[in-house]
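Here is my notebook from a walk through a structure that was new to me. I jotted down each thing as I looked it up, and you are welcome to follow along.

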Amino acid sequence: MWKIWANPIVRRYARSRLRARGLGVSLLITLMLAGFLFFLSRAMGDRTDLSLVDLARIPLIALLVLQGLILFVLATGQMAGGITAEADEGVIDYQRLAPMTPLAKVVGYLFGLPIREYVLFLATMPFSLWSLWRGEVPLEIALQLYGVFMIAAVLYHLTGLVAGTVVKNRRWAFLLSMGMVFILYTVVPQASKIGLVYFKYVTIEPVFRECLPHLIPRDLGAGVQTLRNLVPPARFFDLDLPQAVFTVVTQAVLILAMGFMLWRRWYRAESHLMGKVGAIGLFAWVQVMLLGNALPLIAEGAVFPSRMWRRWGSPWGYEWAPDPEDVVIMAGAYGLVTLFMLWTMIVLITPNRDRQIRGWRRARKLEKKRLAVGSDPATSIPWVGIMILMGAAGWFWFTKEVVESDWFGGTVMPIQGGGAFLLVLATAGLGFQALLEGKGVRATSLCGILGGVAPILVGTVLAASSEKLIPLAIWIIGISPAAGPIYATGAVIPLADFEGELMRGLPRAFWFWQVATALLALDLIWSLRRSREEIAEKTLGEGDHPPLEE
Amino acid sequence: MTGKAGPQGAAIEIRDLRVDYGDFVAVSDISLSVPFGEVYGLVGPNGAGKTSTFKVLATLMEPTYGEVSLAGIDALENKEEVRCILGYMPDLAPVPSDLKAWEFLEFYADAYALGSSKERSERVAECLEIVSLSGEHNSWCNQLSRGQTQRLVLAKTLLHRPQVMILDEPASGLDPLSRRELRHSLQAIAREGASVLVSSHILSELAEMCSSLCVMNQGKIMAAGTATEVRRELGRSERKLAIVVLDRHEETASWLEGEEGVLEVAEFKSNGQQIIVSFAGDDTQQAALLTGLVQQGIAVKAFEETSSSFEEILVGIAEDNRKPGEGATRVH
């Protein structure tokens, strides 16, 4: 399996995607672009008094951007589009039948589908290698940069492959993969600026920043290096790790998770992308990473958003201290990310009605009295419950550490705050789970739009139109379960010191909508229970078999 | 052409197979056994459950429940092992648009690890020869005609000399000559010991090709056995005989009307030379009818069972399905 060049799927795509006719034009365009960037930046540098070494470094970043475009964008789109095209044409069934292991198939697609883009990338490398050599960039820096670059490329490609495996329509697969890559590796990492430091390690940014002083002219690099020295290495609880190592570990875990998803699908086409235990594992991993990266930075203040925003333009030696709003933003963001992650896991592990029926019938046939708890057709409620507990614990721990840090001397995070966080995750998580499992994707999507997105949009418009409408807007936005984490932090954190109207309205809106959502969630869970019993009874009614229990 | 005679026992064994799509029952607790060395036909109207059954057999779909084994290997537990001995040709036989015919086959020869590069190339050429596509060796897959595409996929199915072949509507889109070639090819494969399970919604086509038949409808097996047994089991024992006589047409028709087993002498075609007879007798009576005609001194040019009687069985089943209250099986 590890002989990638001998993998039949890689060879198949090497044949089809490296034909002179198709490759020639792409190669020509790539070489022209790389040459243009290389010679243009050198020509511009020639007009300055830079030394030969500094001059050689100038094209490096432009070439890196071009290489990123080829490997991160074009190749990722090709991954999603290519696998969907196979499904669309119907030939993917032949691949399923080929007696190769699921892992060999995943590896085959991973390195086969974007093979043209790899060749295009290699075509740009002579320009980069020349610049690295003549620019006297240390070898370890070059290896570190391109090593992480390639690992990130594999991660992005796997993301595209997962998107293409899930979506059946070729065009949608391309758009979804691009959307997923953009959200996961561009939008989500922005959360690192509001305390969730872990997310920056899913991109090559930390390593790029670390390498940057060596990729630009030396005088400029020295200045950047001075600033870089102020940035600590990656922290994980009490461990200090180089940024590159931490980035590689972070991305490797995600690669493993996505590889496992694809393995499951190739092993059994009907499988959920993630098993229930796997989902718990991934959820726990992200929680631990979020805490492990953020907690050690609280004492020195490096996680507070206001420090980052005020760093530039402030006089040297400026005395900075975090604002209470920092805590609300950070704790709210932590809760929001946890909630979104919970919803994502729920989507991955919750069985639809069809799968439940099949599961019950299989159990009946095998004369089993219950569904295996970890099997795909089994309800995901207990697993969601575990994730809710883990998420609430992580969220509370993070918030407590921030609130009770030396920055806010003597402030104590009330234990009831943990209850509020648990309530938010439980109502939004279990309500969503019960809706999805009991009513299906269509009903859940509709409820998500009407009850989740619309209130935020309406409330925002109201708040923007008049200050007098802000209290009303707060109540309307509070309908959305997605607002729960922000409202919870605003309502229970003792530091939150909002303006009078806001301070009075927000906690009331929070508790009111939490109670309302909890009642709704209970009703949905009750309804789900009835629905599952109904399925079990009907399945039981199909023949003489022992009664079933879940 | 394919794998030599398989192990003792059934090539395909299905027990209590069920496939559901939500509330819809596509295949309802069927059991079936196909011995080695046989071309076995699965026939039924659209929606009968043939393709679902085939997908389960081909390890492409997980059934709701049931046991499936190919050449004694559990197809649900040992998928990769089963895939080594299985050749599957799906309905509509898709081909990739970015490969040439030989590349398409070479890829699968590679995936099935069929020896060295030279051995693989030889096997590819051999399979193209078997399906009479040697001339299209270098053609793009998506530029082949429908019939050629079917044959190309059949060649791909033959590549690894499977012990069990599962062909979903392999003859659809083929011209009569190609159909005949396909029939001969499949029979030759079966003679070498492999087992071929083939589906069609055209019963007469399968009756010519298969040693045994199984008729499916609404996810259930309605009848199984030889063509005659199937006809008898379905309670539609009458068949149509087309008799072409050179002269004495009226006299022949009158004589036929009085014979045992003859239900109706219905039509005269082909300038009055052809007489179509509805006949309810068995094979012995049918032979006796021919003997009688000859003994009467009637110049019989042709005496054959028409395929339409087979078609009428399926048409009857399909019409029954369309009657209100007799639609597809639903359990919820």
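The entries below go from the whole model to its chains, and then to single residues.

**Entry 1**

The model has an ipTM of 0.80 and a pTM of 0.83. For chain B I noted a mean pLDDT of 83, with 89% of the residues scoring at least 70.

A reminder to myself: where pLDDT is low, the predicted coordinates should not be read in detail.

**Entry 1: chain A as a whole**

How many helices and strands does chain A have? I listed 21 helices and two strands. Along the principal axes, its C-alpha atoms fill a box of roughly 80 × 65 × 45 Å.

Next I checked burial and contacts. Of the 550 residues in chain A, 45% are buried. Among contacts in chain A with a separation of 6 or more, 77% are between residues 24 or more positions apart.

I picked helix H19 of chain A, residues 470-477, and asked which of its residues are buried. They are Ala473(A), Ile474(A), Ile476(A) and Ile477(A). Why do they sit on the same side of H19(A)? They cover an arc of only 165° around the axis, and that puts them on the same side of the helix.

Then I moved to helix H21 of chain A, residues 500-540, which holds Pro507(A). Pro507(A) counts as partly exposed because it has 18 C-beta neighbours inside 10 Å. I also looked up its distance to Tyr487(A), 20 residues away along the chain: their C-alpha atoms are separated by 7.1 Å.

**Entry 2: chain B as a whole**

Chain B has 11 helices and 14 strands. Buried residues account for 44% of its 332 residues. Among its contacts between residues at least 6 apart in sequence, 69% join residues at least 24 apart.

The domain assignment divides chain B into domain 1 (10-233) and domain 2 (239-311). I noted that the C-alpha centres of these two domains of chain B lie 37 Å apart.

I looked for Thr291(B) and found it in helix H10 of chain B, residues 283-295. Is Thr291(B) buried or exposed? It has 10 C-beta neighbours inside 10 Å, so it counts as exposed. Thr291(B) and Gln273(B) are 18 residues apart in sequence, and their C-alpha atoms are 19 Å apart in space.

Arg161(B) is not a glycine, although its phi is positive, at about 50°. I placed Arg161(B) in the loop between helix H5 (146-158) and strand E7 (164-168) of chain B. With 18 C-beta neighbours inside 10 Å, Arg161(B) counts as partly exposed.

Glu169(B), another residue other than glycine, has a positive phi near 50°. It lies in the loop between E7 and helix H6 (176-191) of chain B. Glu169(B) counts as buried because it has 21 C-beta neighbours inside 10 Å, where 20 or more are needed.

**Entry 3: where the chains meet**

Last, I looked at the contact between the chains. It takes 30 residues from chain B and 27 residues from chain A. Which elements of chain B give two or more residues to the side that touches chain A? I listed strand E1 (10-21), helix H2 (79-85), strand E6 (86-89) and helix H3 (101-111). H3(B) gives the most to this side, with five residues. By class, the side of chain B that touches chain A has 18 nonpolar, four polar and eight charged residues.

Key. Residues numbered from 1 in each chain as written. Chains lettered and ligands numbered in written order. Predicted model: local features only at pLDDT ≥ 70, side-chain atom pairs only at ≥ 80, totals over all residues. Contact = placed C-beta atoms within 7 Å. Helix = DSSP H or I, 4+ residues; strand = E, 2+ residues; numbered from the N terminus. Nonpolar A, V, L, I, M, F, W, Y, C, P; charged D, E, K, R; others polar. Domains from an automatic or database assignment. pLDDT = per-residue confidence, 0-100. Buried ≥ 20, exposed ≤ 12 C-beta atoms within 10 Å, placed from the backbone. Arc of directions from axis to C-beta.
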